[in-house]
Amino acid sequence: MGRRTQAERDAMTTEIGFALFAGTVLAGAAYFGVTELMPHLFGSLRGRWSLIGPLSLAVTVVVFVAVVATVLARFRRATRPGRRAPAQPSQPGRTNPDS
């Protein structure tokens, strides 16, 4: 692998930060869903924190890892060396309205 330019390193840093942020937000939403919404939907789970605690931790970790891995895999595929840039549109639009 060759040396990366500063722009490539900056893009990678930004993408890692975004992946961590998105993973944290979605894992928090999953945690909220398990701890707050499930007991209300399934009344039999009320008062069973011994079940809800480990379940919420497991769901949170799985969601965080899945989101981070997905975001970084998409970034890696999009920046693969030798990949062609997307084609320009066939008709980018008129720049001179008089013609």
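Student: How many helices and strands are there in the protein?
Tutor: There are two helices and zero strands, taken as DSSP runs (helices H or I with at least four residues, strands E with at least two) and numbered from the N terminus. This is a predicted model, where local features need pLDDT of at least 70, side-chain atom pairs count only at pLDDT 80 or more, and totals for chains, interfaces and linings use all residues. Residues are numbered from 1 along each chain as its sequence is written, and side-chain values use heavy atoms, with hydrogens and water left out.

Student: Thanks! What share of the residues is buried?
Tutor: Of the 99 residues, 17% are buried; that means under 20% relative accessible area, with exposed over 50% and partly exposed in between (1.4 Å probe, protein chains only).

Student: Which residues make the nonpolar surface patch?
Tutor: Ile-16, Leu-20 and Leu-72 do, over about 220 Å². Patch members have over 30% relative accessible area and no salt bridge, with nonpolar side chains joined within 5 Å and like charges within 9 Å. A salt bridge would be a side-chain nitrogen of Lys or Arg within 4 Å of a carboxyl oxygen of Asp or Glu.

Student: Where is Leu-20, then?
Tutor: Leu-20 sits in helix α1, residues 6-41. Leu-20 counts as partly exposed because its relative accessible area is 41%.

Student: Switching to charge: which residues gather in the positive patch?
Tutor: Arg-74, Arg-76, Arg-77 and Arg-80, on the surface.

Student: And why is Arg-80 called partly exposed?
Tutor: Because its relative accessibility is 48%. Arg-80 lies in the segment after α2 (49-78).

Technical notes
Accessible areas come from the Shrake-Rupley method with a 1.4 Å probe; for residues, only the protein chains shown count as cover. Lys and Arg count as positive and Asp and Glu as negative; His and the chain ends are not counted. The place of a charge is taken as NZ of Lys, CZ of Arg, CG of Asp or CD of Glu.
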